[in-house]
Structure formats: structure tokens, C-alpha cells
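Hello,

Here is the structure I promised to pass along. Have a look at it first, and then read on for what turned up.

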Amino acid sequence: MKKTFKSFMILFFMGLIVFAGLKGIKYLRDNKPNKTRMDLSSIFKVEGDLSTIIYENVLLEESALIVDDMIYLPIEFAKTYISDKVFFDYNELVLSFTTPTQLIRSVIDTKEYTINGEKFEENQKITVANDEDQIFISIDFLEKYCNYEHSLYSDPNRVLIRELGKSDKILTVTEHTQIRVLPDVKSEIVVDASKDQELIYLEVESDNWSMVMTTDGYQGYIKNKFIGATETQNRPKRLYEYDYTSIAIDGPVSLVWHQVTNTTANNNINELIDETKGVNVVSPTWFSLSNAEGDIKSIASYEYVNTIKQKGMQVWGLVTNQFDRELTRELLSYTSRRDAFVKNIIDLALEYGLNGINIDFESFNNAEGEAFTELIRELSIQCRKNKLVLSVDIYVPSAWNLFIDRTAIAEVADYIVVMGYDEHWGGGAESGSVSSLGFFEKGLMDTLELVPANKIIMGLPFYTRLWEEVNGAIVSYKAYGMDKAKEIITEQGITPIWDEFTGQNYAEYTIDESIFKVWLEDESSIKERMKVIESANIAGFAAWKLGLESTAVWNVIESYNEK
């Protein structure tokens, strides 16, 4: 019995040893480090004269172009990642780049460029096109004006681009190991990491692995047990800090637009302005784009300017695109035409001794958005040089107009004038307020998310619309000034009712089958909007238009200005 038990135990332990051995072999096999090295060309999927781009330690899909050992970046990449001031005219094949005081230009496939018209030359071409007509820009040229540095490596081609002034977390390898494709010893090896080698620390993958990058751009995972000391290394300091100085008038801006449709209309400015209180800026609608070549029609008046200035007010001449999208597209899409427009409006402003320019370009679409921003950048350089206030009229933010880059425009313009009206417009689907309190306030709050408060002028209406409906359908509408709208209501024997929702007096009446509706603009509605402006602590207000207001409105505005 004892012998049998002894034999059983021997067999049991032998089996246990065999089982453990098999498990150990399996464990070693499963955890044996993979010695296979990854084909690096499968990571950096480029060949010939192309180079992979590693931007801020991230491997991107875009490829750079190598020409004569020089790196060229895709123009759209340069706009997105390096500077939004890069602009390319695909019609005249001209690069434009702006700073607060410089307009830099270069024609494609040349080494020459100009700064404010003065000629210079580089050692390499500044922009080139590949066989597919894709445009590329020299990274060396960009680095003359932008806070970036780059390093180029070969076999395979890759360019590392980093922004100056930032920092990296650096780790030191404690002993020789491998950087792997995935956080697993069975994963292929990207490259070796030697003892004391410094790596860029990217992120922690798990308790056992971290993602790293070599200083020449190879990325992968390393075991945490091989990570020694870490430190933060600062990159070289930024070379360029551009200061977009603004011209701001003292105190709140109290602007009125004066609609002038012919030279004779200039003569009534004295009568109109003498009725106002607290106004410090008048913007006459004197200038309009007359053709796509950048010519401007003018009905400006020297006497008008002198009259306004003698009253201690400024004159900001308004220039419109006639609300013509095709005309606007043709102007904005060509460098030479934008140049002509800028020169012409600046010449007019200086000729008539204006204090500023008010840009009122409307009814253009997404396709023109970027070029419109470029126009404002180019115009701002000349306004800054000539000490002219530059203001730009823009709709309240809405899904259909978000292509207008309010933030970029506000960076270079002195003021953004938000057109806080036409909530319900002539020809729209339904009747309603021209500018309900909620619409007005939301338009301001949404703009504040994009534009600094001290650059916002909030536009408000001095007019309303009288709507006629039959069976719920709009059959007519007409805009009226404050006094005329009240007169119509009085003639109908109607007493308006205050509407808390719109912040306006509302009235309606019936004639035969027609229902007439009006949301009145008056001293009460203006007072509510001035409260919003005051609370937001923005630059001021602008009113469309002079002559449509009631006398009582000026007491409200004067009270606002005195606070």
C-alpha cells in the first residue's frame, strides 16, 4: 500500500513538473520579444520628392514637397497649421502674406517678392506647383515671418515642424531597449533606443508602456521600466510677436448712419444732426463699388465733412458692395483688383479728410469668405499707416453666415459693427419684429464669443415694418421711421401693448380681410437695448438710420453716454 502511494506521488509530481514546464514554455513563447523590424516605409508612406510631415509630434497625412533639398508645404496646410495670414490667389497665381504693417507678395515659381511694394529676392523659389497643379510654399520663407522651426531627415523622407516658444517633456532611457509599433513585446520594432538616449515623451499608454518619439521623428512605445529621469525642455523663444494696434475713440461710440443717395442729400445733414444728442460719429453712405476692377463711385462732400468735424464729431465714410455677390466675387478673387479697391478707398478717405472707413459688404457667400478677410487685412495695413479708423459691418452670427471669420477680422479691424436688426426682413417667410430684445441680446452674446468686447459696436434700428396679412399669409410690408409708425397706429385708434418677450410696443388692427401688425421701435425699445449694450460693456452702438428716430430717443441715448 505504501509502495503504491509512493509511486502515485512520484507520478503526480512528475506530471506537475511536466505541466509547469509546458506552461513555462508557453509563457516564454507568448512573451518572447519579437525581433522583427518594421519596414519604415510603411510608416512614412512617401517616395520620390515627397516628405512625410510630423507637426507638433503628430504624424500627418499631408506630404511636403522637396525641391533642390528645400522643403515646400502644401499651401492649404500652411494656412491651417502655420499661419492663417497665408493667402493664395489662384487666378493671378500670387501669394499674399500680411503682418500689421507689411503686405508681402510673390508670384508663383519665382524667387522675387515684395514688401509694401519694395522688391527683394530669396535663394529659392517661394511658391511652386507640382504636376497636379497643387500649390506649395517654401517653409524657409514662412519661417522668416512665423514662429516655427523645422528639421529634414531622409531614408525615409520626413520633416519635423515645431512651434517656437513651446516646450517638450523629455525622458532618458536607462538601458538599451526597443521602441515598438504597439505597446506589446510581440509587436514589431520601430527602432532601437540606446542607454542615455533622450526621447520625447508623448503619453502614457498603460502602467507598463508609454508612447515616445525620437528626436528625428520615429514614434512608438517603450516599456516604462526603461524610463529614467524626465524633464521639461523649452524650445527656442518666439521670434515674432505681432502687435495689431487699434485706433479707438475716447468714450463709447455713438454712431449714426446717414443714408445719402445723391449729392443733394448731403445738404440736409445740418438739420438732421442738430436734432441728435450724444452722437460722436456720423457714417454717410457715400461710396459704392462701381465695378469688379475696384473702382469706387463717390458722392462725398468737403463741406459735409467740415460741418461734422466742427461739431466735434468724426466722419467714417461707408463703402458698399451694392449687395452684389457676383461683383464682390470678381473683386475679391483677384489680387490686382483688391489692390485697386484699397488704393481707391484710402485715396478718397484722405482726399476728404475722413476719420475712418466703414466697410458694408453684404450678400456674399462662403466662397468669398476667405478673400473678404484678406481684403480687410490688406486694407487694415493702409488704415493703420494713415491713422484711419477701420470698422466692418457684419450680421449677427447665424448658421448661414459663420463663414465670415469675425475673429480674424476683429484682429486687424478697429471695430466690428454688428447689424442687430432684420430679424424679420422684407420678403421673409413670416412677419415679426425687426429686432426683438432676445434676438438683439443673443446676437451680441454670440459675437462676444468671437470678438473682444472693446471692438464691438452694436447696431440697432431706428425703423420698423408694418406687415399686412390675409389668412395668415404676408401680402405686403413697408418700413417706417418711428414717428410715422406711431402716426399710423394713432390714426387707427389703436393703443400699443408692451410685449415683454420682444421688448417692444406691439399693435395690430384689421381693415377688411387684412390684419396689420407692427412691432414698434421707439424710446422704450431703444432703452431696453441700451441696457443690454451697457451691461455687456462693449464699445458702443450704431443706429440705422439718421432721420428715422423720434426726438425722445436722444434723451435715452444721452443718458447712456453720461454713465
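**Strands, salt bridges and a charged patch**

Strands β31 and β32 make a hairpin with four residues between them, and in that turn Gly 503 has a positive phi of about 65 degrees. Please keep in mind that this is a predicted model.

The hairpin of β32 and β33 has two residues between the strands, and Asp 512 takes a positive phi near 55 degrees in it.

Now to the charges. The whole structure holds 32 salt bridges. One of them links the side chains of Asp 339 and Arg 105, at 2.8 Å from N to O. Asp 339 sits in helix α7 (residues 335-351) and Arg 105 in strand β6 (residues 103-107), so this pair ties together parts that are 234 residues apart in sequence.

What else does the side chain of Arg 105 meet in a salt bridge? That would be Glu 378, at 3.2 Å from N to O. Because Glu 378 belongs to helix α8 (residues 366-385) and Arg 105 to strand β6, parts 273 residues apart in sequence are tied together. As for cover, Arg 105 is buried, with a relative accessible area of 11%, and Glu 378 is buried at 3%. Asp 339, at 30%, counts as partly exposed.

Another salt bridge is that of Glu 149 with Arg 162, where the closest N and O atoms are 3.0 Å apart. Glu 149 is in strand β11 (residues 148-153) and Arg 162 in strand β12 (residues 158-163), so the parts tied together are 13 residues apart in sequence. Both residues are partly exposed, Glu 149 with a relative accessible area of 25% and Arg 162 with 22%. Through shared partners, salt bridges join Glu 56, Glu 149, Arg 162, Asp 168 and Arg 235 into one network.

Last, the surface. Asp 49, Asp 131, Glu 132 and Asp 133 form a negative patch there. Of these, Glu 132 lies in the loop between β9 (127-129) and β10 (135-138). Is Glu 132 buried or exposed? Its relative accessible area is 62%, so Glu 132 is exposed.

Best wishes

Definitions and conventions: Residues are numbered from 1 along each chain as its sequence is written. This is a predicted model: local features need pLDDT of at least 70, side-chain atom pairs count only at pLDDT 80 or more; totals for chains, interfaces and linings use all residues. Side-chain values use heavy atoms; hydrogens and water are left out. Patches are made of residues with over 30% relative accessible area and no salt bridge: like charges are joined within 9 Å, nonpolar side chains (Val, Leu, Ile, Met, Phe, Trp, Tyr) within 5 Å. Accessible areas come from the Shrake-Rupley method with a 1.4 Å probe; for residues, only the protein chains shown count as cover. A salt bridge is a side-chain nitrogen of Lys or Arg within 4 Å of a carboxyl oxygen of Asp or Glu. Lys and Arg count as positive and Asp and Glu as negative; His and the chain ends are not counted. The place of a charge is taken as NZ of Lys, CZ of Arg, CG of Asp or CD of Glu. Buried means under 20% relative accessible area, exposed over 50%, partly exposed in between (1.4 Å probe, protein chains only). Two strands pair if DSSP finds at least two bridges between them.
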